[in-house]
Amino acid sequence: VGLPPGFFERFSSPEAGIALSVEEMSSDSVLDAVECGSADVGILGTHPSLVRGFDARAIRCSGVWLLAPEGHAFCRYGHVELADLDGQPMVTAGHHNHLHRFFMDRCRAEGVAPDIRANSTDGAMMAQLAHEYGALRFGFNPAVTPVPEGDRAVELLIPGGEAFGTYALGMTNPV
C-alpha cells in the first residue's frame, strides 16, 4: 500500500526480462529473506534506525498517521503532536510491528505514555477494538489509501521531523 502508484509497472517496462516474485510477509520475515538471500530486495514499512546492515533506499516517506473514530477530539485537527498522545487510548499491532516499535521508542524519549488498550495484528479486530474503546490506531496516509468509514485520518508529527516510510532494502554486505 505504501508504494507509489504504478511502481511495478514502471519497473517492469524497461526490465522486461526480469520476473518479480512478490510475497507479503511480516517485517522480520522480510529482513530474514533479504539477509539469507531468498529475496534480493525487501519492501518494508519502517524507520532506518530499526534496520542495520542493509542498504535502505526510501521509496516513500509517508509519515505517521492515526485513525481516530468519528467523534474523537482529534477529528477536529489535521495533525497532532506526539505530546498530545499522553494518556490517549490506543490499539496497535504490538511490539513485533516496526511502526509500533518506532512510535513507542519516540514516546519513551519524549516522556509520553499513551494508554495501549489492546494489540492485534488482525486489521478488522483492531478497527473493532479501536471503535469499542474510542481509541486511536495507526493508518495510512489518506493520499495513499482511502480512510475507512467511521474514521478520520490525523497526521502525527514526530519531534525532529523523522520520517517513517516504505523502504526498499538490500544487503549492504551480501554473504
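Trainee: Where is the place of histidine 100?

Mentor: Histidine 100 sits in helix H3, residues 98-110. A helix here is a DSSP run of H or I with at least four residues, a strand is an E run of at least two, and both are numbered from the N terminus. Bear in mind that this is a predicted model, where local features need pLDDT of at least 70 and side-chain atom pairs count only at pLDDT 80 or more, while totals for chains, interfaces and linings use all residues. Residues are numbered from 1 along each chain as its sequence is written, and side-chain values use heavy atoms, leaving out hydrogens and water.

Trainee: Why is histidine 100 called buried?

Mentor: Its relative accessible area is 10%. Buried means under 20%, exposed over 50%, and partly exposed in between (1.4 Å probe, protein chains only), so histidine 100 counts as buried.

Trainee: What does histidine 100 touch, beyond residues up to four places away in sequence?

Mentor: Thr92, Gly94, His95, Asn119 and Phe138. Contact means heavy atoms within 4.5 Å.

Trainee: What makes arginine 101 and aspartate 28 a salt bridge?

Mentor: The closest N and O atoms of arginine 101 and aspartate 28 are 3.9 Å apart. A salt bridge needs a side-chain nitrogen of Lys or Arg within 4 Å of a carboxyl oxygen of Asp or Glu, so the pair qualifies. The two are in distant parts of the chain, 73 residues apart, with arginine 101 in helix H3 and aspartate 28 in helix H2 (residues 27-36).

Trainee: How many salt bridges does the search of the whole structure find?

Mentor: There are 5. One of them joins arginine 57 to aspartate 55, with the closest N and O atoms 2.7 Å apart. Arginine 57 has 54% relative accessibility, so it is exposed, whereas aspartate 55 comes out at 30% and is partly exposed.

Trainee: What about aspartate 151 and arginine 137: how far apart are the closest N and O atoms?

Mentor: They are 2.8 Å apart, and that pair is a salt bridge as well. Aspartate 151 lies in strand E8 (residues 151-157) and arginine 137 in strand E7 (residues 137-139), so the bridge ties together parts 14 residues apart in sequence. Aspartate 151 has a relative accessible area of 6%, so it is buried; arginine 137 is buried too, at 6%.

Trainee: Then why is glutamate 24 called exposed?

Mentor: Its relative accessible area is 81%, so glutamate 24 goes in the exposed class. This glutamate is in the loop between helix H1 (7-12) and H2. Its C-alpha is 9.9 Å from that of glycine 42, which is 18 residues away in sequence.

Trainee: Zooming out, what order do the elements run in, from the N terminus on?

Mentor: α-α-β-β-β-β-β-α-β-α-β-β-β, which is 4 helices and 9 strands.

Trainee: And how do you know how compact the protein is?

Mentor: Compare its radius of gyration, 17 Å, with the 16 Å from the globule rule for 175 residues: the values are close, so the protein is as compact as a globular protein of that length. The radius is taken over C-alpha atoms, and the rule is 2.2 Å times the number of residues to the power 0.38. Of the 175 residues, 39% count as buried.
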